[in-house]
Amino acid sequence: MRTLTKWTVEEYHSMIEKGILDHKRVELLQGELVEMAPESPLHRYIMQNGNNYLRDLLAGVAILQEGHPITLTQSEPEPDIAVVKLPSEKYRTRHPYAADVLLLIEVSNTTLNYDLHDKKDVYEREGIEEYWVIDIPHKRLHVFKDLVDGKYHSLIIHTSGIISPHAFPDVEVEVEKLFG
């Protein structure tokens, strides 16, 4: 039996600062360096389209980050879209922490199992209140919410209609617009 070396967030940051991870597409998840899937044009289009759409809806009430890190206890994933608390100045010297996150969204084409299980498990353990997965192959939106004791107690799958993020109950998001 082999034991993998687990990395801390601090060690991960040190590797980044020293250039060890230059030209590598990886993220830290539960202490492990995970290679990120190459980004297809469709993935990039849906991520960018969703980010622009949500940025318009949430202008002045939240910050949207597209494909940038968030710093968690044992992880530093790079969600496709992170909706985080204002003001933006607090992220000048650090990435958003779990307490800063209002909503995380992953756009999933070839990584659906990873996004629905591994990433979901990390996000719920870290206390991320709401997590969405845009399921490209099946044209569905998986919405995980109702976090209790580190577990999501609700999964609703949408193919159309209007939904409102938990943090923004007055904001209406048209599911179809997330797919472009």
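I count a contact when heavy atoms lie within 4.5 Å. I am working on a predicted model, where local features need pLDDT of at least 70, side-chain atom pairs count only at pLDDT 80 or more, and totals for chains, interfaces and linings use all residues. I number residues from 1 along each chain as its sequence is written, and side-chain values use heavy atoms, without hydrogens and water.

**Contacts along the chain.** Residues 24 or more positions apart account for 52% of them.

**Fold.** I found 4 helices and 10 strands in the chain. Helices (H or I, at least four residues) and strands (E, at least two) are DSSP runs, numbered from the N terminus. I read the order as α-β-β-α-β-β-β-α-β-β-β-β-β-α.

**Burial.** I call a residue buried under 20% relative accessible area, exposed over 50%, and partly exposed in between (1.4 Å probe, protein chains only). Buried residues make up 45% of the 180 residues.

**Cores.** I define a nonpolar core as a set of buried Ala, Val, Leu, Ile, Met, Phe, Trp, Tyr and Cys residues joined through side-chain atoms within 4.5 Å. The largest has 25 residues, and V83, W132, I134, L141, V173 and L178 have the most contacts inside it. I see that α2 (41-57), β4 (81-84), β5 (101-108), β6 (131-135), β7 (140-148) and α4 (175-178) each supply at least two residues of this core. A second, separate core has 21 residues, including I63, L116, Y123 and Y131.

**One residue.** What does L178 touch, leaving aside its neighbours within four places in sequence? I list I46, N49, G50, Y53, L54, W132, I134, L141 and V173 as its contacts.
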